[in-house]
Amino acid sequence: MAKKVIKKKKLRLLPFLIFIIVIAIIVFTCLFVLDTKVKNIIITGNEILCDDEIIDLAGLTNYPSFYKTLNITIKNNISKEPLIKSVSINRSFYHIIEIEVEEYEILYKREDNGKYVLENKEEITLDKETPYTIPRLINEIPSNKLDNFIKYFKRIDLSIREKISEINYVPNEFDEDRFLLYMDDANSVYMTITKFERLNYYNDVLPQLDGRKGILYLDSGNHFQIME
């Protein structure tokens with residue numbers, strides 16, 4: 001009986017090795033690309049917080065991987081800061097991250113606790129100089145008046161608000177919304193909350209005073225009392 005011949009199959013090693021090498025190159029390339037670091041960070045819109053503070057809040061201090069760092073993570077990290085009103089993130093070529101922020105305005109500083117009050121009523125502590133002059137509230141505004149006060153006080157132009165050195169809540173029997181504003185030029189102004197926007201014309205009124213100092217009544221009527 002003739003012996004049965006068993007044919008041995010030759011292993012095709014070369015194609016297998018090429019496949020392994022290609023996979024290794026793809027994996028290495030992916031890992032290399034994923035580890036590519038952020039090259040530049042551009043911050044815009046900030047006035048109070050400096051660039052380094054925002055970069056630190058964003059978690060980008062050590063310029064981490066451009067691809068592993070998610071926009072939503074950066075946005076959430078920055079939004080935890082009470083001063084931040086909104087954040088938008090954009091990415092561009094050459095591994096650049098652009099962060100645009102909007103800060104809440106600081107309206108005034110409370111004399112009793114030294115805290116700064118933002119336009120959303122949040123109170124914060126600052127250990128730095130502000131980029132614009134902040135008036136001081138020298139007494140307390142009742143909680144039922146605060147919302148309206150902030151609503152109308154925000155309507156005063158920043159350039160005029162910077163001229164206010166002190167805010168004093170001084171209601172009387174005729175007007176529970178009455179305030180006395182001490183200006184940095186030694187004049188004083190009586191205002192009622194809903195008429196705060198009138199103060200935007202303060203610079204137009206000054207020439208009519210001929211350099212005289214006194215009290216401007218804008219709460220009821222419009223008249224000026226010269227200081228003796």
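A salt bridge is a side-chain nitrogen of Lys or Arg within 4 Å of a carboxyl oxygen of Asp or Glu. The model is predicted: local features need pLDDT of at least 70, side-chain atom pairs count only at pLDDT 80 or more, and totals for chains, interfaces and linings use all residues. Residues are numbered from 1 along each chain as its sequence is written, and side-chain values use heavy atoms, with hydrogens and water left out.

**View 1. A salt bridge between Lys85 and Glu119.** The side chains of these two residues meet at 3.5 Å, N to O. Lys85 belongs to strand E2, whereas Glu119 lies in the loop between strand E5 (116–118) and strand E6 (123–124); the pair links distant parts of the chain, 34 residues apart. Helices (H or I, at least four residues) and strands (E, at least two) are DSSP runs, numbered from the N terminus. By the rule given above, the count comes to 14 salt bridges.

**View 2. The open sheet of three strands.** The strand order is E1-E3-E2, with mixed pairing; two strands pair if DSSP finds at least two bridges between them. Strand E1 (40–44) and strand E2 (84–92) are the edge strands, each pairing on one side only. Eight bridges join E2 to strand E3 (residues 96–103), and the two run antiparallel. Ile89 has Ile99 in E3 as its bridge partner.

**View 3. The open sheet of nine strands.** The order is E6-E5-E4-E7-E8-E9-E10-E11-E12, and the pairing is mixed. The edge strands are E6 and strand E12 (223–226). E5 and E6 pair in the antiparallel sense over two bridges, and the bridge partner of Val117 in E6 is Glu123.

**View 4. The lining of the largest pocket.** A pocket is an open set of points on a 1 Å grid over the protein atoms alone, where a 1.4 Å probe fits, with protein on both sides within 12 Å along at least five of seven lines; lining residues have an atom within 4 Å of a point. The largest pocket is lined by 13 residues, of which Tyr108, Arg110, Glu123, Ile141 and Leu146 lie nearest its centre. Strand E4 (106–110) and helix H4 (143–153) are the elements that give two or more residues to this lining.
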